[in-house]
Number of protein chains: 2
Amino acid sequence: MNTREQIIRIADNLIREKGYNAFSFYDISKKVGIKTASIHYHFPLKSDLGVAVIEQHIDNLSTIIEKYKSKSPTDRLDKFFSIYVAIKNENKVCLVGSLASDLNTLDEQVQIKLKTFTELMFNWVCTFLDEGRNSKAFTYEGSPRTKSVMIISNLLALLQLSRLSYDQEFKSVIDTIKLELITK
Amino acid sequence: MNTREQIIRIADNLIREKGYNAFSFYDISKKVGIKTASIHYHFPLKSDLGVAVIEQHIDNLSTIIEKYKSKSPTDRLDKFFSIYVAIKNENKVCLVGSLASDLNTLDEQVQIKLKTFTELMFNWVCTFLDEGRNSKAFTYEGSPRTKSVMIISNLLALLQLSRLSYDQEFKSVIDTIKLELITK
DNA sequence: GTCTATATCCGGATAGAC
DNA sequence: GTCTATCCGGATATAGAC
């Protein structure tokens with residue numbers, strides 16, 4: 001992994017651990033082992049780094065979507081859950097949840113990129129919820145869009161609340177979402 | 001409203017608009033019309049102000065809980081929703097959602113107070129969900145605790161996502177939560 | 001209770017040498 | 001591509017006058 005990629009990876013972790021406005025180039029410099037001025041060579045502005053972090057997430061999710069596009073809605077749902085389980089295991093929050101709270105303080109480019117990423121995630125979930133209902137694999141009230149908002153909301157907020165001592169509920173929420181979708 | 005209360009009110013709004021680490025004593029000083037040094041007279045440390053903001057929320061919620069304690073579970077559910085609708089109308093996020101993202105950067109006293117407030121909210125929702133199921137007003141899968149986590153998660157994250165262009169879903173999510181709870 | 005003045009620190013950002 | 005050195009602005013916080 002080259003320096004640029006290292007910086008992105010560390011920034012991503014810091015954003016999801018402490019928040020966008022609480023992480024600094026100095027934090028990164030310590031972990032990468034270069035000076036803050038050198039980080040500016042790769043990313044002139046902090047917002048350039050912010051954009052790059054989100055683009056990395058877009059790339060990763062795009063790869064997952066492509067890889068799972070011919071799998072069953074249930075498989076895609078499980079993959080979706082596994083993304084959040086992984087974040088839970090590192091005791092962080094998801095990127096959207098972290099940046100959404102700071103939205104009004106972000107540069108416009110970062111806001112726009114964040115909206116692109118969020119749309120991608122929503123469209124993916126919406127698609128497999130819709131297919132799943134058409135194929136009778138899933139049952140739920142409301143439109144696929146509304147249901148996707150509800151499920152993504154559950155996972156996003158659950159990560160935030162987990163750090164506030166609602167740890168033990170994480171698994172049961174996922175189980176209940178699946179139960180509601182599949183049994184009825 | 002005295003100066004101290006004004007400061008708390010403005011800080012609350014700034015936290016839910018920009019995030020804890022993005023608001024400053026200077027922001028408040030402009031709105032109150034006093035200098036930053038004067039704010040330190042009322043709240044020596046920023047964390048003292050943070051604690052006071054949360055305590056204000058605890059007081060407000062306690063009043064609501066008391067006022068609604070003999071009302072029906074459905075009435076209490078509607079009151080619960082109305083809290084988030086009000087926040088939505090001011091285009092902000094809720095206190096817990098805002099502070100949860102920055103949790104690891106908050107002083108211990110602020111973290112502890114935030115946990116107290118979150119517990120109060122959860123216990124309230126949990127109580128009327130439980131009573132509602134016992135009285136056959138509500139039907140749902142899972143424990144009252146799990147369901148309360150799911151519903152609070154929906155609202156908390158919905159406020160965050162609303163600012164990212166999922167505005168039009170706000171009402172339909174609330175409608176769907178009610179539909180799922182009440183019809184089946 | 002509010003002010004002026006100031007201390008101190010931290011963070012983003014730039015210039016220019018190597 | 002990384003360094004040293006530096007600038008600048010912003011933020012918390014304190015001292016002491018009024």
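Which side chain meets that of Lys147(A) in a salt bridge, and at what N to O distance?

Modeller: The partner is Glu180(B), at 3.0 Å from N to O. Lys147(A) sits in helix α8 of chain A and Glu180(B) in helix α9 (residues 170-182) of chain B, so this pair joins two chains. A salt bridge here is a Lys or Arg side-chain nitrogen within 4 Å of an Asp or Glu carboxyl oxygen. Helices are DSSP runs of H or I, at least four residues long, while strands are E runs of at least two, numbered from the N terminus.

This is a predicted model, where local features need pLDDT of at least 70, side-chain atom pairs count only at pLDDT 80 or more, and totals for chains, interfaces and linings use all residues. Residues are numbered from 1 along each chain as written, chains are lettered from A and ligands numbered from 1 in written order, and side-chain values use heavy atoms, without hydrogens or water.

Are the two partners buried or exposed? Lys147(A) is buried, at 5% relative accessibility. Glu180(B) is buried too, at 10%. (Buried means under 20% relative accessible area, exposed over 50%, partly exposed in between, with a 1.4 Å probe and protein chains only.)

Now the surroundings. Two salt bridges run between chain A and chain B. The area buried between the chains is about 4200 Å², and carbon and sulfur atoms give 60% of that. Glu141(A), Leu164(A) and Tyr166(A) supply 16% of what chain A buries against chain B, more than any other three residues. (Buried area is the accessible area, 1.4 Å probe, lost on putting two parts together, summed over both.)

Other salt bridges stay inside a chain. Lys113(A) meets Glu55(A), also at 3.0 Å, N to O. Lys113(A) lies in α7 and Glu55(A) in α4 (residues 46-67), 58 residues apart, so this pair links distant parts of the chain. Lys113(A) is partly exposed at 23%, and Glu55(A) is partly exposed at 33%. Asp12(A), Arg16(A) and Glu90(A) are linked in a salt-bridge network. Over all chains, the count comes to 22 salt bridges.

Finally, the whole chain. Chain A has nine helices and zero strands. Of its 184 residues, 53% count as buried.
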